Amino acid sequence: MITKQQLQAIAYLAGITIGAGILTLPYVFSKVGITLGTLEMILVWGIVLLITLYLAEIVLRTKGDHEVTGLAEKYLGKKGKLLLVVVGMLYIYGALLAYSVGLGEAVYGLIGTTHFGNSIIFFIFLAAVVFFGLKVVTKAEVFLTPFIFLIIIVLFFYAFDKIDTANYTGYYPDNLLVPLGPLFFALLGFWCVPDMKRIIKDNKKLKNTIIIGVTLIAMSYLLLILVVVGVSGEDTTQLFSIGLTQYVNHGVGKLVHLFTIFTLTTSFVGLGFTLKEIYELDYGWSNTAAWCVTFVVPFGLLFFIKRDFLSIISITGAVASVFVVGILIMMFHKAKKKGNRKPEFSLPVPLWLNILILLFCVIIAVQTVWMYVA
């Protein structure tokens with residue numbers, strides 16, 4: 001029986017994990033085919049679930065309450081903490097850049113005007129929101145979760161009779177690498193495991209809660225993918241709302257566009273606050289200095305990097321997965337030797353499997369960067 005606290009923890013995990021990464025998944029699945037895409041999702045789901053459980057075991061092997069960076073310092077030293085912080089910063093910079101590009105495309109689909117102009121206007125506006133500390137906007141990230149599930153259900157029932165099963169028969173192994181970066185980007189939400197432990201309170205339930213939560217997120221993604229690709233097929237666009245609107249009525253089309261803009265906006269503001277607070281709280285910078293460093297870099301890149309939403313998401317997700325998986329694997333093995341409490345569960349994972357997972361992530365990252373940059 002799932003407790004109220006477990007449901008709250010699952011909702012929290014979903015709110016942290018589900019963001020703008022969901023918007024491009026239908027497109028990448030349409031490029032590789034539903035069958036291959038589903039197999040790749042199962043693979044990435046398995047890796048993400050495993051490393052999330054690694055972090056859960058690390059948390060349970062450590063007395064007291066610690067955030068991920070604190071655990072990294074405890075088991076990997078100050079250099080390990082610094083590496084994790086740097087990876088987090090680079091991930092956020094990549095995400096802010098991607099969300100800016102995505103907003104330009106989404107607003108263009110809703111009201112027209114130019115992609116680049118939309119990106120600039122929204123970037124400045126949302127950066128100002130972060131500067132003036134309107135943190136209430138970031139709370140929309142958690143409340144977005146039920147809205148996402150509602151949109152998926154509405155689309156499923158509204159578009160069910162418009163689904164063409166022939167759109168599921170595509171098989172394009174030449175594009176095998178295309179979904180992997182976006183899948184990692186969309187599924188990585190391990191940062192909130194320490195908070196989930198505090199929400200649940202019963203440590204014995206943490207493992208099952210994570211399994212249910214990560215699985216529910218992956219299944220929700222797959223349902224949305226099946227609906228969108230089933231309806232729009234080869235016309236599926238990088239932001240699925242743009243291509244889908246030609247198959248639905250005007251009202252539903254506007255709703256899907258607004259959903260896309262809302263998702264990108266809350267993700268942008270949430271990550272912007274997170275990075276600014278790292279500079280403020282961890283390094284003692286002023287609000288102005290932290291804000292400038294947070295937003296000047298991705299704003300400048302908007303003018304020089306001529307990449308689309310998909311390529312930025314793919315590169316960010318693929319590269320981040322290497323460092324995240326590597327760091328968590330090292331912490332996991334260190335915690336098994338140096339942890340100061342007996343955990344409620346222990347994963348008997350052999351070293352060779354972790355090496356294989358890390359090697360897989362390295363190959364994917366190198367191939368993804370090569371595919372989009374070279």
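The accessible surface of the chain comes to about 16,300 Å², and carbon and sulfur atoms hold 69% of that area (Shrake-Rupley method, 1.4 Å probe). Buried residues, those under 20% relative accessible area with a 1.4 Å probe and protein chains only, make up 53% of the 374 residues. The model is predicted: local features need pLDDT of at least 70 and side-chain atom pairs pLDDT 80 or more, while totals for chains, interfaces and linings use all residues. Residues are numbered from 1 along each chain as its sequence is written, and side-chain values use heavy atoms, without hydrogens and water.

The chain has 14 helices and 0 strands, where helices are DSSP runs of H or I with at least four residues, strands are E runs of at least two, and both are numbered from the N terminus. Helix 8 (residues 193-200) is mostly covered, with 6 of its 8 residues buried; these are Val193, Pro194, Asp195, Met196, Lys197 and Ile200.

The C-alpha atoms fill a box of roughly 60 × 50 × 45 Å along the principal axes. Among contacts (heavy atoms within 4.5 Å) with a separation of 6 or more, 84% join residues 24 or more positions apart.

A search of the whole structure finds 1 cavity of 30 Å³ or more. A cavity is a set of points on a 1 Å grid over the protein atoms alone where a 1.4 Å probe fits but cannot get out, and lining residues have an atom within 4 Å of a point. The lining consists of Leu13, Thr17, Val48, Thr52, Leu187, Gly189, Phe190, Val214 and Ile217.

Terms used. On a 1 Å grid over the protein atoms alone, a cavity is a set of points where a 1.4 Å probe fits but cannot get out, and a pocket is an open set with protein on both sides within 12 Å along at least five of seven lines; lining residues have an atom within 4 Å of a point. Grid points are joined across faces, edges and corners, and a volume is the space filled by probe spheres set on the points. Buried means under 20% relative accessible area, exposed over 50%, partly exposed in between (1.4 Å probe, protein chains only).
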